[in-house]
Amino acid sequence: MQTLPTPTASSPASDAFDTTIRRRKTRPVPVGAVTIGGGYPVVVQSMINEDTLDIEGSVAGIRRLHEIGCEIVRVTVPSMAHAKALAVIKQKLEATYQPVPLVADVHHNGMKIALEVAKHVDKVRINPGLYVFEKPKSDRTEYSQSEFDEIGDKIRETLEPLVISLRDQGKSMRIGVNHGSLAERMLFTYGDTPEGMVESALEFIRICESLDFRNLVISLKASRVPVMLAAYRLMAKRMDDLGMDYPLHLGVTEAGDGEYGRIKSTAGIATLLADGIGDTLRVSLTEAPEKEIPVCYSILQALGLRKTMVEYVACPSCGRTLFNLEEVLDKVRNATKHLTGLDIAVMGCIVNGPGEMADADYGYVGKQAGYISLYRGREEIKRVPEDQGVSELINLIKADGRWVDP
């Protein structure tokens, strides 16, 4: 995928008006052939919904996602049988397609499962609230410090073999905190708060650091956008204060489906990315996983973080519009949507046209009834009959050597 070059530093005088997103500096974390953080492009992830025991179905699901731009694919591993199945899935991918960066999702007292699957994947994701299950007590009113520490010791004992395995193999871990599954002692100590989420992650980070393991990616997902935003911002601040530079995996968990699911995910993910927070993302929709990927790339493109498709600039139409703007935009998009990295403007009249589309590579502007003007940047190139507009636009792109066949 094409990515914009790293921006140069602006002068202090222009900082107040700087339109470039300044990403938080993080360490590079390898996941197979992909790197998260370290100034690399923001990475797109998703997760298959096939049962991992379905070898052929899982291979096909992973391949479908990877072919449309999903750079890291997550697979659930709820049992030892699933962990061993993942070894076969990886082999089949390499034999019939190509290596794909894989993440194993491990839950519920999963040390043995995690140790097995760590042999076969590039990254293991654990949930601190579930990795060592704490059975709730209905009559509990508080956690003593000794109880808190005792569970902390159990977590370290359980986590240490996995950390050592991943460290020695040069692989990675995601410490994936979920607001809805905080451990009971975190809830009693910090409440159902972003602070509890952050402290849960920090507990696991410190164990990893004590074992000289730093290939870590952190997530703090919530289904409510304000909680998600607060948790990630607090995590970034705490890590900065502690001298930690781990990349952050962004997502609004259980966002739902349809238009609202997309808007909800974008509200959380894009807000943080615009603040420079975030190195990888997943849009979690209650739909086929393949439908998540276009949303991810649209968010990144809208923010100028990655350039993976044509950027269309189009006015909303008004009484001055000299042609059916919606219909023409559709025709232009259908003819050019396979191109990468171009900005194409479709403007209904001359009033806003040249000014509003000044940054576009090419422009299609209504100037008089039945005719349109084609622009290269700010320069008007030719005026042609409206029914020839799309074909002449293609000819102009071809003349500049920027056309590729679909």
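Author: A patch is made of residues with over 30% relative accessible area and no salt bridge, with like charges joined within 9 Å and nonpolar side chains (Val, Leu, Ile, Met, Phe, Trp, Tyr) joined within 5 Å. A salt bridge here is a side-chain nitrogen of Lys or Arg within 4 Å of a carboxyl oxygen of Asp or Glu. Asp and Glu count as negative, Lys and Arg as positive, while His and the chain ends are not counted. The place of a charge is taken as NZ of Lys, CZ of Arg, CG of Asp or CD of Glu. Accessible areas come from the Shrake-Rupley method with a 1.4 Å probe, and for residues only the protein chains shown count as cover.

The model is predicted: local features need pLDDT of at least 70, side-chain atom pairs count only at pLDDT 80 or more, and totals for chains, interfaces and linings use all residues. Residues are numbered from 1 along each chain as its sequence is written, and side-chain values use heavy atoms, leaving out hydrogens and water.

In this model, Asp149, Glu150, Asp153 and Glu157 form a negative surface patch. Of these residues, Asp153 belongs to helix H5, which covers residues 145–169; helices (H or I, at least four residues) and strands (E, at least two) are DSSP runs numbered from the N terminus. Asp153 has a relative accessible area of 54% and is therefore exposed, where exposed means over 50%, buried under 20% and partly exposed in between (1.4 Å probe, protein chains only).

The accessible surface comes to about 18,400 Å², with 51% belonging to carbon and sulfur atoms. The mean positions of the 48 positive and 55 negative charges lie 2 Å apart.
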